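Student: Please put the model on the screen. I would like to go through its helices, ion pairs and backbone angles.

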Amino acid sequence: MRGGTTGQPADLEQAAAAAYLAGRPDWPQAWILAHRDCLRRGEPGQAARCAFWLGFGLLSAGEVARGGGWLARARKLVDEAGLTGAERGYLLVPEGIELLEAGDFGGALARFTEAGRLAERPGDPDLAALSLLGRSQALMELGDSARGLALLDESIVAVSAAEVSPIVAGLVYCGALTVCHEILDLRRAREWTAALSQWCRSQPDLALYQGQCLVHRAQVMQLQGDWQEAAAQARDACERLSGEPAAGDALYQRAELHRLRGQLADAEAAYLLASQAGREPQPGLALLRLAQGSTGAAQAAIRRVAAETTGSAARAQVLAACAEIMLAAGQVTQAGEAAAELAGLAAALDVAFVRALAGYATAAVLLAQGQPQAALPPLRTAWAAWRDIGAPYEAARARVLIGLACRAVGDRDTAALELDAARAVFSQLGAATELARLRQLAGRPARLPGGLSAREGEVLALLAGGSTNREISAALVISEHTVARHVQNIFAKLGVSSRTAATAFAFRHGLA
């Protein structure tokens, strides 16, 4: 966009940008008016820019035909006027994005690099920032995480210094956060989510990036262990983004939170909605199938998505899920292959969270192979990494495996301490499925208050976490009829007549 003058074309362009950012339904017409006025004034470069932003906005909204048509018009204006600077560079941005989505990361890097070169003549900070973002994404996918993250930081500097227009600021913030969440760089994700939230609050009429901001906040809060607030943010994001392309991300995030909290039926419904919105529901859906006891379905799904997923960042998360599912299915060799590839990706990405994922997967395979002593060093390293970056759920899962490894080498005191520490974190988070699994793994009879049996304690923990009888049935792999009988027995032993009263008992006695 253009600044510096106060003439009518600049006013019309600013009005069009404001309409777009505010989410007004007439924003395409506003860009058309600005485009036509630039043509009337004999300014083909500005007319091409208006056509570009209109086409880019339509493509982002899923209107491929109209968006492509306006980009073609912008290209024609640039060619006819013989423009060789930033106007031509802007047209390379959607080409680079298309190549990124197609998996041609080298081609995408070339497009974004050329766009950056064209941004230098005579100097266009908006195009320069878009070039930095695109190059960083391509480099990350090519495995050059060091250069990719350096360029990502540089693009955010341009935004935080208010060197770019609001449209580009939002694009860079959201693009950078997407990369951070894909590679699980929690430190940057926290920092930039806070910056994006503050930027959104500073512009009260802004609507375009508010939904994506909520999704990113939900992701950060989930990793930090504030699952209740994460669920609220994800729910709000689903409402704000309803009918938009980004709705799938919000629905997937909501499904993940349901799965972690043991609300398996709600998780399945949310994964289905995410898929209908165009968001790949894996690897979360495969992990849900595992939690439901459908190991065969989980294996088939994770094999399929592993074969299709390219790019080191997204593949790291798939491989972590693949190792877990294959171990649960007794496929130790395949789990070992996934863990080995994950270790290679972790070395290339050089991100603490991914290194911890790789260490955890490697140790889990060593445990399955009967090598508990060898599993302990990578487990302790993974636990320390997750603790230091503030990821309590993942850190607690590492402590479970540490406990099992210690028990396997005969150190039962340390095993009990580790399992108790993990149990405390899972209880605080409301990780009902992990709590039920932990009680099975603890390997000792439970002496529970109220005369409850160990199984009744598991049912009560899930009930107190908000799970329905059907979800408890799936989590514990027992029939709904058996669950109902356990619930009746729990009510009788505790002298209560409602799930609410039973939940209150569970919280009072540390069972929830």
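The questions and answers below go through this structure by topic.

Student: What kind of model is this, and how are its residues numbered?
Tutor: Residues count from 1 along each chain as its sequence is written, and side-chain values use heavy atoms, with hydrogens and water left out. Local features need pLDDT of at least 70, side-chain atom pairs count only at pLDDT 80 or more, totals for chains, interfaces and linings use all residues, and the model is predicted.

Student: At what angle do the axes of α14 and α25 cross?
Tutor: Helices are DSSP runs (H or I, at least four residues), numbered from the N terminus. Axes are lines fitted to C-alpha atoms, for helices over the stretch in contact, and angles run from 0 to 180 degrees between N-to-C directions. The axes of α14 (residues 264–276) and α25 (residues 469–476) come within 7 Å, and they cross at roughly 95 degrees.

Student: How is that arrangement of α14 and α25 classed?
Tutor: Angles under 35 degrees count as roughly parallel, over 145 as roughly antiparallel, 65 to 115 as roughly perpendicular and the rest as oblique. The crossing is roughly 95 degrees. That makes α14 and α25 roughly perpendicular.

Student: Which residues meet where α14 contacts α25, and how do they divide by type?
Tutor: Contact means heavy atoms within 4.5 Å. Leu264, Ala265 and Asp266 of α14 meet Glu471, Ala474 and Ala475 of α25. Ala, Val, Leu, Ile, Met, Phe, Trp, Tyr, Cys and Pro count as nonpolar, Asp, Glu, Lys and Arg as charged, and the others, Gly among them, as polar. The residues of this contact divide into 4 nonpolar, no polar and 2 charged.

Student: How many salt bridges does the whole structure hold?
Tutor: Side chains of opposite charge can pair when their charged atoms come close. A salt bridge here is a side-chain nitrogen of Lys or Arg within 4 Å of a carboxyl oxygen of Asp or Glu. A search of the whole structure gives 30.

Student: How far apart are the closest N and O atoms of arginine 117 and glutamate 114?
Tutor: Both residues sit in α6 (residues 105–119), 3 residues apart, so about one helical turn separates them. Buried means under 20% relative accessible area, exposed over 50%, partly exposed in between (1.4 Å probe, protein chains only). Arginine 117 is partly exposed at 37%, and glutamate 114 is partly exposed at 29%. Their closest N and O atoms are 2.4 Å apart.

Student: Are arginine 259 and glutamate 256 buried or exposed?
Tutor: They form a salt bridge, with closest N and O atoms 3.2 Å apart. Being 3 residues apart in α13 (residues 247–260), arginine 259 and glutamate 256 are separated by about one helical turn. Both arginine 259 and glutamate 256 are buried.

Student: Which helices hold arginine 470 and glutamate 480?
Tutor: This pair forms a salt bridge, the closest N and O atoms being 3.5 Å apart. Arginine 470 is exposed at 56%, while glutamate 480 is partly exposed at 37%. The pair ties together parts 10 residues apart in sequence, with arginine 470 in α25 and glutamate 480 in α26 (residues 480–494).

Student: What is the distance between the end C-alpha atoms of α21?
Tutor: The expected span of a helix is 1.5 Å times one less than its number of residues. For the 17 residues of α21 (residues 392–408), that should give 24 Å. The end C-alpha atoms agree, at 24 Å.

Student: How many of the residues of α21 are buried?
Tutor: α21 is mostly covered. Of its 17 residues, the buried ones number 13.

Student: Which residues does glutamate 458 touch?
Tutor: Glutamate 458 lies in α24 (residues 454–464). Its relative accessible area is 5%, so glutamate 458 is buried. Not counting residues up to four places away in sequence, glutamate 458 touches Ala436, Arg439, Gln440 and Leu476.

Student: What is omega for the peptide bond from glutamine 282 to proline 283?
Tutor: Most residues other than glycine have a negative phi, and most peptide bonds are trans. Proline 283 is in the loop between α14 and α15 (284–291). The bond from glutamine 282 is cis, with omega near 10 degrees.

Student: What phi does alanine 162 take?
Tutor: Alanine 162 lies in the loop between α8 (145–160) and α9 (166–182). At 63% relative accessibility, alanine 162 is exposed. Although alanine 162 is not a glycine, its phi is positive, at about 60 degrees.

Conventions:
Helix = DSSP H or I, 4+ residues; strand = E, 2+ residues; numbered from the N terminus.
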